[in-house]
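The following dialogue is a tutorial on reading structural features from a set of coordinates. Please keep the sequence and the structure in view throughout.

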Amino acid sequence: MEPTLTAKEIYDVLRQTLPQQNDFASCDYTDELKELLAFGVTSKLKFLDLIVKHRKELLSIDEAPLDDFHIQHYKSEYGEEYMDDRIKNKFWFAYPALIRITLELEFGEKYKSYANKRDNI
């Protein structure tokens with residue numbers, strides 16, 4: 001039987017495969033683990049393969065410029081310095097968001113529907 005993915009393994013894979021600058025949100029990965037398991041990502045190797053498969057597109061999405069509306073909105077919400085650092089270094093998403101973007105890239109509408117139901121509970 002294949003070992004079951006753990007929250008610690010999720011974080012280990014993210015640290016190995018994605019930039020450290022995206023490791024800025026406090027997270028225990030409990031919800032993300034449930035989502036991964038629900039979509040059949042049940043081992044560290046499967047999760048690693050999934051992240052590696054989508055890494056290039058994921059990082060491209062992460063560094064894409066935000067429009068002026070969102071920049072101003074986030075500056076008012078998080079502060080000028082916080083956003084200036086992200087604009088300068090071209091990154092927006094923390095690890096938990098990158099997991100969910102990866103699930104969306106891999107599973108498309110099936111994941112979007114799942115996420116919409118999750119968010120409406």
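Q: Which residues line the largest pocket?

A: Rolling a probe the size of a water molecule over the atoms shows where empty space is left. A pocket is an open set of points, on a 1 Å grid over the protein atoms alone, where a 1.4 Å probe fits, with protein on both sides within 12 Å along at least five of seven lines; lining residues have an atom within 4 Å of a point. In this predicted model, the lining of the largest pocket is made of F24, L66, H70, Y74, Y78, Y82, M83, R86, W92 and F93. The elements giving two or more residues to that lining are α4 (68-78) and α5 (80-89), where helices are DSSP runs (H or I, at least four residues) numbered from the N terminus.

Q: On what basis are the model and its numbering to be read?

A: Residues are numbered from 1 along each chain as its sequence is written, and side-chain values use heavy atoms, with hydrogens and water left out. As the model is predicted, local features need pLDDT of at least 70 and side-chain atom pairs count only at pLDDT 80 or more, whereas totals for chains, interfaces and linings use all residues.

Q: How much space lies in the largest pocket, and how do the residues of its lining divide?

A: The largest pocket holds about 170 Å³ of space, a volume being the space filled by probe spheres set on the grid points, which are joined across faces, edges and corners. Its lining comprises eight nonpolar residues, one polar and one charged. Here Ala, Val, Leu, Ile, Met, Phe, Trp, Tyr, Cys and Pro count as nonpolar, Asp, Glu, Lys and Arg as charged, and the others, Gly among them, as polar.

Q: Where is the kink in helix α3 centred?

A: The bend at a residue is the angle between axes fitted to the seven residues ending there and the seven starting there. Helix α3 (residues 44-63) has a kink of about 60 degrees, centred on R55.

Q: Which residues of α3 are buried, and what covers them?

A: Buried means under 20% relative accessible area, exposed over 50%, and partly exposed in between (1.4 Å probe, protein chains only). By this criterion F47, L50, I51, H54, L58, L59 and D62 of α3 are buried. Their cover includes α1 (7-17), α2 (30-38) and α6 (95-107).

Q: How many residues has the largest nonpolar core?

A: A nonpolar core is a set of buried Ala, Val, Leu, Ile, Met, Phe, Trp, Tyr and Cys residues joined through side-chain atoms within 4.5 Å. The largest one has 22 residues, and those with the most contacts inside it are I10, L14, L18, L36, F47 and I99. At least two residues of this core come from each of α1, α2, α3, α6 and α7 (109-119). Contact means heavy atoms within 4.5 Å; leaving aside neighbours within four places in sequence, L36 is in contact with L5, I10, V41, F47, L50, I99 and L103.

Q: Is N22 buried or exposed?

A: N22 is placed in the loop between α1 and α2. N22 counts as buried because its relative accessibility is 0%. Not counting residues up to four places away in sequence, N22 touches D62, F91, F93, A94, Y95 and L98. N22 and L98 are 76 residues apart in sequence, with 8.6 Å between their C-alpha atoms.

Q: Why does D23 count as partly exposed, and what does D23 touch?

A: D23 is partly exposed because its relative accessible area is 28%. D23 is also in the loop between α1 and α2, and touches Y11, R15 and Y95, residues up to four places away in sequence not being counted. From D23 to A94 the C-alpha distance is 5.7 Å, across 71 residues of sequence.

Q: What is the phi of Y29?

A: Most residues other than glycine have a negative phi. Y29 has a phi near 65 degrees, a positive value. This residue lies in the loop between α1 and α2. Y29 is buried, because its relative accessible area is 3%. K90, in the loop between α5 and α6, has a positive phi near 55 degrees.
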